[in-house]
Amino acid sequence: MSALKLVLAYSSKVLTTLKQKSHVTSIQRTFVLTRLPLSKRAEGKFITFGRQSSSTAAGAEKAEDSFFKWFLLLIPVTTFGLGTWQVKRRQWKMHLIDELTRLTTAEPIPLPLDPNELKSLEYRRVRVRGRFDHSHELYVLPRSPVDPEREAREAGKLGSSGETGANVITPFHCADLGITILVNRGYVPRQKIRPETRMKGQVEGEVEVVGVVRLTEQRKPFVPNNDVERNHWHYRDLEAMGGVTGAQPIFIDADYRSTTPGGPIGGQTRVTLRNEHLQYVVTWYGLCAATSYMCYVKFIKKIKL
């Protein structure tokens with residue numbers, strides 16, 4: 001809405017300026033013409049200066065109105081195009097959200113070993129069976145707990161819940177596949193990062209884990225580098241994580257049902273996407289409607305009168 005007010009104020013200012021310039025030009029021409037004779041004889045013909053000056057002033061004013069008309073018409077055309085583009089962007093975002101929801105709620109499939117197949121399965125639910133190796137935990141931090149309902153409600157807002165901690169990444173030896181992968185067991189608060197503070201949650205024995213396939217991440221701007229020596233990880237670098245733990249560069253986020261009392265809270269896959277395109281649609285179409293009305297008042301209404 002601030003953009004709408006800004007464009008309207010600017011358009012009104014341009015209109016006022018053009019009117020003032022046109023008025024000043026008319027005054028200057030009138031002042032000069034009063035000091036000239038009404039007519040002058042040249043080679044037996046009378047040349048009337050008053051009529052020439054009036055037609056010149058009218059032509060200049062018409063040119064100014066024509067320029068302003070095309071300038072004012074450009075604004076609603078542009079804003080209409082931007083509004084239509086945002087409609088299409090919103091449709092694309094809604095489809096993407098639906099697709100992510102479908103993948104993360106589908107029936108789990110066995111984990112494939114083909115790396116090329118895994119690349120096409122991000123956010124797909126898979127099932128594995130094996131044992132955790134708690135002696136080689138990794139910590140991705142700082143992280144806040146995922147609350148899908150709250151995130152959907154507060155999408156696009158700055159700020160967070162204020163609670164921070166880490167995601168616990170644990171090597172998992174798959175008994176049926178004969179390989180070790182990395183499993184994000186979930187979130188723990190800062191005071192529970194050390195394993196000895198949550199011994200009840202250190203699952204022993206063979207278990208089945210259902211989770212979501214995740215691929216490696218590229219470091220984003222302003223994100224710190226991973227500190228391997230201190231075991232502080234800020235983004236998923238599967239090759240580096242696998243090199244430290246001896247696991248394959250295969251990573252899954254355990255689902256919420258994997259949560260154990262006193263242990264990490266599973267289900268830390270963020271699938272909520274910002275979707276503010278509707279308010280952009282309203283803004284651009286609102287600008288289009290306002291400037292179209294200004295065109296009507298300035299030009300079309302005058303023609304009817």
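This is a predicted model: local features need pLDDT of at least 70, side-chain atom pairs count only at pLDDT 80 or more; totals for chains, interfaces and linings use all residues.
1. The side chain of R129 forms a salt bridge with E208, with the closest N and O atoms 3.9 Å apart. Because R129 lies in strand 4 and E208 in strand 8, this pair ties together parts that are 79 residues apart in sequence. E208 likewise counts as partly exposed, at 43% relative accessibility.

2. A second salt bridge joins the side chains of E122 and R214, at 3.4 Å from N to O. E122 lies in the loop between helix 3 (115-119) and strand 4 (125-132), and R214 in strand 8 (residues 207-214), so the contact ties together parts 92 residues apart in sequence. E122 is partly exposed at 25% relative accessibility, whereas R214 is buried at 11%.

3. D227 and R230 also meet through their side chains in a salt bridge, at 4.0 Å from N to O. D227 is partly exposed, with a relative accessible area of 25%, while R230 is exposed, with 56%. Elsewhere, salt bridges with shared partners join R127, R129, E206 and E208 into one network. The count of salt bridges comes to 12.

4. The largest pocket has a volume of about 720 Å³. Its lining comprises 25 residues, with P142, R143, E217, H234 and R270 lying nearest the centre. By class, the lining has 7 nonpolar, 9 polar and 9 charged residues.

5. Strand 5 (138-143), strand 6 (165-174) and strand 10 (251-254) each supply at least two residues of that lining. Strand 5 gives the most, with 3 residues.

Notes
Residues are numbered from 1 along each chain as its sequence is written. Side-chain values use heavy atoms; hydrogens and water are left out. On a 1 Å grid over the protein atoms alone, a cavity is a set of points where a 1.4 Å probe fits but cannot get out, and a pocket is an open set with protein on both sides within 12 Å along at least five of seven lines; lining residues have an atom within 4 Å of a point. Grid points are joined across faces, edges and corners, and a volume is the space filled by probe spheres set on the points. Helices (H or I, at least four residues) and strands (E, at least two) are DSSP runs, numbered from the N terminus. Ala, Val, Leu, Ile, Met, Phe, Trp, Tyr, Cys and Pro count as nonpolar, Asp, Glu, Lys and Arg as charged, and the others, Gly among them, as polar. Buried means under 20% relative accessible area, exposed over 50%, partly exposed in between (1.4 Å probe, protein chains only).
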